[in-house]
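Open the model in your viewer and keep the selection tool at hand. The stops below say what to select next and what is there.

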Amino acid sequence: MSNKQKIYPWLMIVTTGLLCGIVAGVFTQVMGLFLTPLANSIGGGKLGSVSYYYTVLILATAVGTTLVGKFIHKVNVSMILLGSIVVAAVSTWLFSMANSVIAFYILAAIVGICCGFSGYVVQGVVINNWFVKRKNFAFTAGAFFNTIFLAVITPVASQIIQSNGWRRAFIILAIIMLVIGIPCSLFTKVEPAKLGLLPYGVSSQAELDQINDDADAEAGNNSNTSKVLFSLSFVLVLIFFCFNEFAGNMTSLWPSFAEGIGFGANVGGLIATIITVADLAMTPLFGVTTDHFGGRKALPWWLFLTILAPILMIIANQTRMIPLALAAAIPADAISVVMGSGEQVFAKDILGKDFDAGYSYASSITYVVSAFATPVLSNIADATHNWNIVVGIVALCELVVLLAVIYGENRAKRLAD
């Protein structure tokens, strides 16, 4: 086995993980640190006026994801990624010069397309092509490099904003994108055949051909799409996805929550950092528990954490206990964990062989819900001047998800017996 065959599959984990972090991660998670300064500078002091950034971003990301999915195997992916990095970096630099919310929204649309072109869909396709064995580990490892990058950049960005202002922070982020993104994009290849290599876990082309034939046969047995969409299982998946994604948008608003209740920007940045660092432990822990106990037993406990976190945040606000708010940031990460792997586990449990069609359609519908979640929550905060109401809505959404899981997982078990 050549050195390139040994190294390149694992290099794909690193490059795609970092690309997700410096584009999708920056424009979703890290951007939450900028919302309050932007609202005070160009949004007339209203958080809701700039939070529609997320609506534009997510809808544009959906467009970019759809486009890249159609031609990812037909073009040079390295050039797509390189173009996305350059455009994203230039747009980030232009963010620093924005003087109106309209300009802010236009740039959000541009970087949203970049997120679709260089984000999680590309990562999933690349890792899926490069690994036959240890594929689940590869997906998790890719998420880890994304998380590690965000764990570093989040506190750095927070400190830069506090020390130098949001405009200079955008310029520094643009430079970081180019420095990390350009080499990662050039090294990334959509499939090993582009380099005359085989995926990790196979020793010959004949073995790979047999695996592909078996996968094609299994895919051909999937149920009719219309039957899937009108099934109770799909409705439960849709409830899980929509309510969980709506609540999950609170992750980008925790810094604004801390500032809004008077804890200050430093506490808000620290909450965001704690959530990111906690993800380094909670993501693999979620994988271990759901693999060992199954979704039916493990998911309710994880959803208990997603309900506990907002309750603790409300108590921290009422008692003015900053340490409690920081402690609550740890279970708050469960919201992000369940948004990713949790949705896949639940959908796989109750959709079974219809997973591919059901998961795809549920995700597409959820994009629309998620696009409006952040501005809805922000406008509620602006209208009521009461962040407890906003955080309480998050807890209620996760309670609905918990009920869907309890019913859906029990139903799936009965059907399987």
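## The end of a helix

Select Arg320, which follows helix H14 and has a positive phi, near 60°. Helices here (H or I, at least four residues) are DSSP runs, numbered from the N terminus. This is a predicted model, in which local features need pLDDT of at least 70, side-chain atom pairs count only at pLDDT 80 or more, and totals for chains, interfaces and linings use all residues. Residues are numbered from 1 along each chain as its sequence is written, and side-chain values use heavy atoms, with hydrogens and water left out.

Now select H14 itself. The expected span of a helix is 1.5 Å times one less than its number of residues. For the 25 residues of H14 this gives 36 Å, and the end C-alpha atoms are 36 Å apart, so the two agree.

## H13 beside H14

Axes are lines fitted to C-alpha atoms, for helices over the stretch in contact, and angles run from 0 to 180 degrees between N-to-C directions. The crossing is right-handed, meaning that the near helix is turned clockwise from the far one by less than a right angle.

Which residues of H13 meet H14? They are Ile271, Met282, Leu285, Phe286, Thr289, Thr290 and Phe293, and on the H14 side Gly295, Lys297, Ala298, Leu299, Trp302, Leu305 and Met313. Contact means heavy atoms within 4.5 Å. Ala, Val, Leu, Ile, Met, Phe, Trp, Tyr, Cys and Pro count as nonpolar, Asp, Glu, Lys and Arg as charged, and the others, Gly among them, as polar.

## H1 and its partners

Next select H1 (residues 3–28) and H8 (residues 166–187), which pack at about 150° with their axes 9 Å apart. That angle makes H1 roughly antiparallel to H8. H1 passes H8 in a left-handed crossing, with the near helix turned anticlockwise from the far one. Among the residues in this contact are Tyr8, Leu11 and Met12 of H1 and Leu173, Met177 and Ile180 of H8. The contact has 13 nonpolar, three polar and no charged residues.

Keep H1 and switch to H4 (residues 77–95): the axes come within 11 Å and cross at roughly 35°. This crossing is left-handed. Leu19, Ile22, Val23 and Phe27 of H1 touch Leu81, Ile85, Ala88, Thr92 and Phe95 of H4. Eight of these residues are nonpolar, one is polar and none is charged.

## A proline in H2

Select Pro37 in H2 (residues 35–42). What does Pro37 touch, not counting residues up to four places away in sequence? The answer is Ile161 and Trp166. Pro37 and Trp166 are 129 residues apart in sequence and 6.9 Å apart in space, C-alpha to C-alpha.

Terms used:
Helix = DSSP H or I, 4+ residues; strand = E, 2+ residues; numbered from the N terminus. Parallel < 35°, antiparallel > 145°, perpendicular 65-115°, else oblique.
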